Amino acid sequence: MIEFKDVKKVFQSNKQQIEALTGINLKVEQGDIYGVIGYSGAGKSTLIRMVNLLERPSEGAVLVNGINLASLKPSKLRQEKKKIGMIFQHFNLLNSKTVFDNIAMPLVLSRTPKTKIKARVSELLKFVGLADKAKNYPDQLSGGQKQRIGIARALATNPSILLCDEATSALDPQTTSEVLQLLKKINAEYNITILLITHEMSVIREICNKVAVMEYGKVVENGSVFNIFSNPQSTIAKNFVRTVIHDEVPKSILNELHASKKSIWKINFIGTSSGRPLLSTLAKKFDVDISVLSANISEIQDTPFGNLIVDVTGEQDEITKAYQFAKDENVSLQEVVADGQ
Ligand SMILES: Nc1ncnc2c1ncn2[C@@H]1O[C@H](COP(=O)(O)OP(=O)(O)O)[C@@H](O)[C@H]1O
Ligand SMILES: [Mg+2]
């Protein structure tokens with residue numbers, strides 16, 4: 001659906017060369033909500049702007065539905081671009097035009113008959129929940145309402161792809177959540193493929209099925225959201241995951257435990273094993289005491305994902321046996337600190 005093949009981008013700025021993308025290979029499948037996350041300057045906007053040719057690759061190719069847009073003549077390009085909608089962090093609405101006219105703009109540009117425009121804009125306003133705002137001006141709307149209008153405008157030409165460049169970064173958490181739910185609905189009801197970029201891992205967790213982590217113009221890690229969240233490999237992916245899944249042992253606890261005869265374990269439960277009473281089984285089967293330091297269960301891609309941090313006390317050989325037993329259960333287990341060794 002969208003394929004990046006060895007895409008490189010070099011910007012010339014004041015005789016300086018900036019390598020914004022240094023060889024991107026990525027495949028977004030039909031129906032995906034694909035998130036690209038990275039810190040500021042990673043190259044995310046440059047990447048997403050390649051899809052609708054707001055930027056052209058210096059090397060490599062971007063294929064949209066199998067077509068390399070960069071090779072098309074202007075008239076064919078216009079036609080293909082209608083299949084790609086885009087929304088922006090600062091909404092990019094025209095303040096001098098009404099909400100109705102903002103949404104109608106892409107249809108006016110493609111010379112759609114007036115009656116059709118009216119019907120389509122009304123339908124879109126209803127879909128984004130702002131049927132009563134047709135005659136208002138953007139300045140009279142809240143941030144969340146402005147982004148809904150941005151979304152309605154992006155959908156006007158019935159695109160098959162929606163690009164979102166930090167679409168919720170200017171919104172408060174509650175409004176962010178509402179806009180994300182709207183994007184999810186668009187994906188589900190219209191089967192529109194969504195490529196979104198963000199610097200917030202909570203956005204990825206809330207709606208994406210796949211994620212790519214970008215750093216210095218490269219994709220350092222990508223895969224299903226569940227796999228990246230439950231088992232991040234790169235330092236940057238771990239840092240991003242840590243912003244939403246808190247499974248670090250606080251330093252004060254580590255210091256306190258330094259002198260004691262305890263072992264700290266991190267346990268990750270995945271899927272149906274979340275509910276298994278592992279801790280009570282361990283406490284019954286072995287001569288150990290287990291206390292929970294922190295426990296958290298979240299849902300990623302409709303699958304429960306639990307993190308437990310526990311400390312285990314007892315004789316070392318009982319702790320070892322309990323550890324072996326737990327390892328054979330359907331959990332991921334990691335010993336953080338084992339003192340007295
Ligand atoms: N038009 C441009 N001219 C020169 N440099 C640019 C241009 N656009 C982006 N860059 C540079 O490319 C790098 C990646 O930018 P960008 O894609 O905007 O990153 P992100 O969206 O991840 O913050 C940055 O170093 C930025 O300064
Ligand atoms: Mg950006």
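This is a predicted model: local features need pLDDT of at least 70, side-chain atom pairs count only at pLDDT 80 or more; totals for chains, interfaces and linings use all residues.
**A walk through the model, starting at the ligand**

In G41, a backbone N or O atom sits 2.7 Å from an oxygen atom of ligand 1. In S45, a backbone N or O atom is 2.9 Å from an oxygen atom of the ligand.

Now to the charged pairs. Side chains of opposite charge can pair when their charged atoms come close. This structure holds 8 salt bridges. Let me show you one of them: the side chains of K9 and E55 meet at 3.8 Å, N to O. K9 belongs to strand β1, residues 2–13, while E55 is in the loop between α1 (44–51) and β4 (59–64), so this pair ties together parts that are 46 residues apart in sequence.

Next, the overall layout. The domain assignment gives domain 1, covering 2–242, and domain 2, covering 251–338. Their contact takes 7 residues from domain 1 and 9 residues from domain 2. Taken over C-alpha atoms, the centres of the two domains are 41 Å apart.

How much area is buried between domain 1 and domain 2? About 640 Å², and carbon and sulfur atoms give 70% of that. On the domain 1 side, R205, F226 and S230 lose the most area to domain 2, together 71% of what that side buries.

What about polar links across this interface? The count of salt bridges between domain 1 and domain 2 is 0, and the interface has 1 residue pair in polar contact, with both residues at pLDDT 80 or more. Helix α8, residues 225–230, gives the most to the side of domain 1 that touches domain 2, with 4 residues. By type, the residues of that side divide into 4 nonpolar, 2 polar and 1 charged.

One last stop, at K133. You can find K133 in the loop between α4 (114–127) and α5 (143–155). Leaving aside neighbours within four places in sequence, which residues is K133 in contact with? They are V99, L141 and Q145. For a sense of distance, the C-alpha atoms of K133 and N209 are separated by 33 Å, and the two residues are 76 apart along the chain.

Terms used. Residues are numbered from 1 along each chain as its sequence is written. Chains are lettered from A and ligands numbered from 1 in the order in which they are written. Side-chain values use heavy atoms; hydrogens and water are left out. Domain bounds come from an automatic or database domain assignment. Contact means heavy atoms within 4.5 Å. Buried area is the accessible area (1.4 Å probe) that two parts lose on being put together, summed over both. A salt bridge is a side-chain nitrogen of Lys or Arg within 4 Å of a carboxyl oxygen of Asp or Glu. A polar contact is a pair of N or O atoms within 3.5 Å; within protein, one must be able to donate a hydrogen and the other to accept it, and residues adjacent in sequence count only if both atoms are side-chain atoms. Helices (H or I, at least four residues) and strands (E, at least two) are DSSP runs, numbered from the N terminus. Ala, Val, Leu, Ile, Met, Phe, Trp, Tyr, Cys and Pro count as nonpolar, Asp, Glu, Lys and Arg as charged, and the others, Gly among them, as polar.
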